Amino acid sequence: MAVQARPLPTDTGILSPENEEKREQLIQMLTKGYWMELETVMSYIANSLNPDGVRAQEVIEHIQTDITEELGHAQQFGQRIKELYGVVPGSMDFQAEQTFLQPPAEQTDIVHVIKGVIEAETAAIAHYEQIIEFCDGLDLVTQDMVIAIQRDEQQHRRLFEGFLREYEAEGKA
Ligand SMILES: [Fe+2]
Ligand SMILES: [Fe+2]
């Protein structure tokens, strides 16, 4: 274990000595968010490249846009981990979880990709909801950051829900 920097003994709020346990808990939650974002970047890169078909083009353009946003989220989570005197983990700690965003059997199966994106965004929204609640009255700076990220995820999910509705209306989803 690397020797970690620590807040000052006179610090208040989330950085105060009496909140040390909560600060550690929050760093763990932010680390989970960091990994979720990075796995989403990996999954979205693959799913922006693999799909075949005319209608898939529109969908993959939006996935491409989201890659940049998710990467930005990962960097924000990492930055906040550091500000809270944590250490941003190395790649050896990474564990993949997004079974639902693996390449489909047929690369024309864009519905599989749309559903996978919705599932990834839903998982992010649920986890960030927990962070926002945890930060209430404890760390408004982290809360503010995660609220802004949460809105991006809600936008992402809403867009892909719209795509799915179109396929559902046609009986293809
Ligand atoms: Fe994100
Ligand atoms: Fe997202």
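Modeller: Tyr34, Trp35 and Phe94 form one aromatic cluster. This is a predicted model, in which local features need pLDDT of at least 70 and side-chain atom pairs count only at pLDDT 80 or more, while totals for chains, interfaces and linings use all residues. Residues are numbered from 1 along each chain as its sequence is written, chains are lettered from A and ligands numbered from 1 in the order in which they are written, and side-chain values use heavy atoms, without hydrogens and water.

Rings of Phe, Tyr and Trp (its six-membered ring) pair if their centres lie within 6.5 Å; planes under 30 degrees apart count as stacked, over 60 as edge-to-face and the rest as tilted. By this rule there are 4 aromatic pairs. Among them, phenylalanine 77 and tyrosine 128 have ring centres 5.1 Å apart and planes at 40 degrees, so the pair is tilted. Because phenylalanine 77 lies in helix 2 and tyrosine 128 in helix 3 (residues 110-135), the pair ties together parts 51 residues apart in sequence. Helices here are DSSP runs (H or I, at least four residues), numbered from the N terminus.

Phenylalanine 77 is buried, with a relative accessible area of 0%, and tyrosine 128 is buried at 0% as well. Buried means under 20% relative accessible area, exposed over 50%, partly exposed in between (1.4 Å probe, protein chains only).

Phenylalanine 160 and phenylalanine 163 form an edge-to-face pair, 5.1 Å centre to centre with 85 degrees between the planes. They are 3 residues apart in helix 4 (residues 140-169), so about one helical turn separates them. Both phenylalanine 160 and phenylalanine 163 are buried.

Terms used. Helices (H or I, at least four residues) and strands (E, at least two) are DSSP runs, numbered from the N terminus.
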